[in-house]
Amino acid sequence: MKIAFIFDTFLVKRNDNNYYGMTLTYDFFKERYLSMFDSVVVTTRVKLENKSNSATSGYKIVNGDNVEVRPIEDYVSIPDAIINKKKITQSLKKVINDVDKVIIRMPSVLGIMAAKICEKEKKSYLIEMVACPWDGYINHTNCIGKVIAPVMYFETKKAVKKCNNVLYVTEKFLQKRYPTYGNQVSCSDVILNNVDNNVIQKRKEMISKCNLKELSLVTVANVGMKYKGHIYVFKAIADLKKKGYNYKYYLIGNGSQERLRSLAEKLCINDNVVFVGSLPHDRVFEFLKKMDLYIQPSLQEGLPRALIEAMSLGMPAIGSNAGGIPELLSEKMIFKKKNIFDLEKILTNLTLELLYQNSGVNYKKSMEYDYNHLNEKRKSFYLGDV
């Protein structure tokens, strides 16, 4: 069985005529979909690698055996979806008519268009709902994002409601905002393999040596994306530094560091911020094991995989109230997004006992996202209903 996977992201096409990406890689498609289907056609946006976007060292190949990339050539920016709507629709229609079934990852402009084509062509399709378009666009700093937010919200809501089969990465949040009349399942994107059963004991030993005023904090997220909320941790660190706290904040992830480096200098916390850059997945886990506290300060999320992965290591964690984060963390470790005072209050009220308790609770919660369990759940839904 041949499927199409349609989503809005950017793959990079290099001179070797192969396509490369950060998360949607060949390994992802091989493990996720080729275990169920014969072949996958990946359809999304593509950029040619050049000097302005050459920082792709962390990227991995996407195309390979039974995974083909068919890019939408006429869609680079949002205005293209209006200007080149006819051409984009024709390109999508060719892909959709060439496969047996379609998997649409939302939110995405291409996804909304593809859902309409599938309805018209009576093609079987499934929607994977992984984030909230309203939160995503409304938190853009430019006015275009804020104008698009209500359009994407209502169009996505309409598409999801009409779809016969919807997979949500959250347990409640996305289901409430984007309900469907069709079949649904809650199934995170996280991949937890070979979890070390001794992590809690190791973490307790680490916590016992913590200096609560000199904790090492860490966030795994693209540092160039403003909606990841790094700046609120920066501001809290700067404020608490005046009160005798000397936190070290480690940022793991790709993206332009310029904006955050400038802010760190302005806030006089250069010595408190470490830009680690992009790391291979296995090295991220090794790095997290050395950190005291994980922070997810996002302004919008579906269900953050990096947070669940940190929890699987028994890490105490703090998060904003964005998206599905409150589904993962205990109430006393949640702060209102953008609220620096809330975040500072949690940090200054931390005790060793609270860190011990949070470590155990987080580890137990993360086990609900065991890969084998989720994969069987996903396969049952896809093969039974797609």
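Asn272 is buried, with a relative accessible area of 0%; buried here denotes under 20% relative accessible area, exposed over 50%, and partly exposed in between (1.4 Å probe, protein chains only). The structure is a predicted model, in which local features need pLDDT of at least 70, side-chain atom pairs count only at pLDDT 80 or more, and totals for chains, interfaces and linings use all residues. Residues are numbered from 1 along each chain as its sequence is written, and side-chain values use heavy atoms, with hydrogens and water left out.

Asn272 is found in the loop between α10 and β12, where helices (H or I, at least four residues) and strands (E, at least two) are DSSP runs numbered from the N terminus. Its side chain makes a polar contact with the side chain of Asn246 at 2.9 Å. A polar contact is a pair of N or O atoms within 3.5 Å; within protein, one must be able to donate a hydrogen and the other to accept it, and residues adjacent in sequence count only if both atoms are side-chain atoms. With neighbours within four places in sequence left aside, Asn272 is in contact (heavy atoms within 4.5 Å) with Ile237, Lys241, Asn246, Tyr247, Lys248 and Tyr249.

Helix α10 spans residues 258-266, and its buried residues are Leu260, Leu263 and Ala264. Viewed down the axis of α10, these buried residues fall within an arc of 100 degrees, so they line one face of the helix; the arc is that of the directions from the helix axis to the C-beta atoms. Glu258, Glu265 and Lys266 are exposed on the other side of α10. The cover over the buried residues of α10 includes α9 (230-241), β11 (248-252) and β12 (273-277). Cys268 follows α10 and lies in the loop between α10 and β12. Although Cys268 is not a glycine, it has a positive phi of about 60 degrees, and with a relative accessible area of 58% it is exposed.

A positive phi of about 65 degrees is also found at Asn17, which is not a glycine. Asn17 lies in the loop between β1 (2-13) and β2 (19-21) and counts as exposed at 51% relative accessibility. Met106 and Pro107 are joined by a cis peptide bond, with omega about 5 degrees; Pro107 is placed in the loop between β6 (101-106) and α4. Most residues other than glycine have a negative phi, and most peptide bonds are trans.

Strand β8 (residues 165-168) is covered on both faces, with Asn165 and Leu167 buried on one side and Val166 and Tyr168 buried on the other. β8 pairs in the parallel sense with strand β7 (residues 125-129) over three bridges and with strand β9 (residues 183-186) over four bridges; pairing requires that DSSP finds at least two bridges between two strands. Glu128 stands opposite Leu167 in β8, and Asn165 stands opposite Asn183 in β9.

The largest nonpolar core has 96 residues, and those with the most contacts inside it are Phe29, Tyr33, Val102, Leu288, Tyr294 and Tyr382. Such a core is a set of buried Ala, Val, Leu, Ile, Met, Phe, Trp, Tyr and Cys residues joined through side-chain atoms within 4.5 Å. Helix α4 (residues 109-121) gives the most to this core, with eight residues. A second, separate core of 35 residues includes Leu217, Tyr245, Tyr249 and Leu355.
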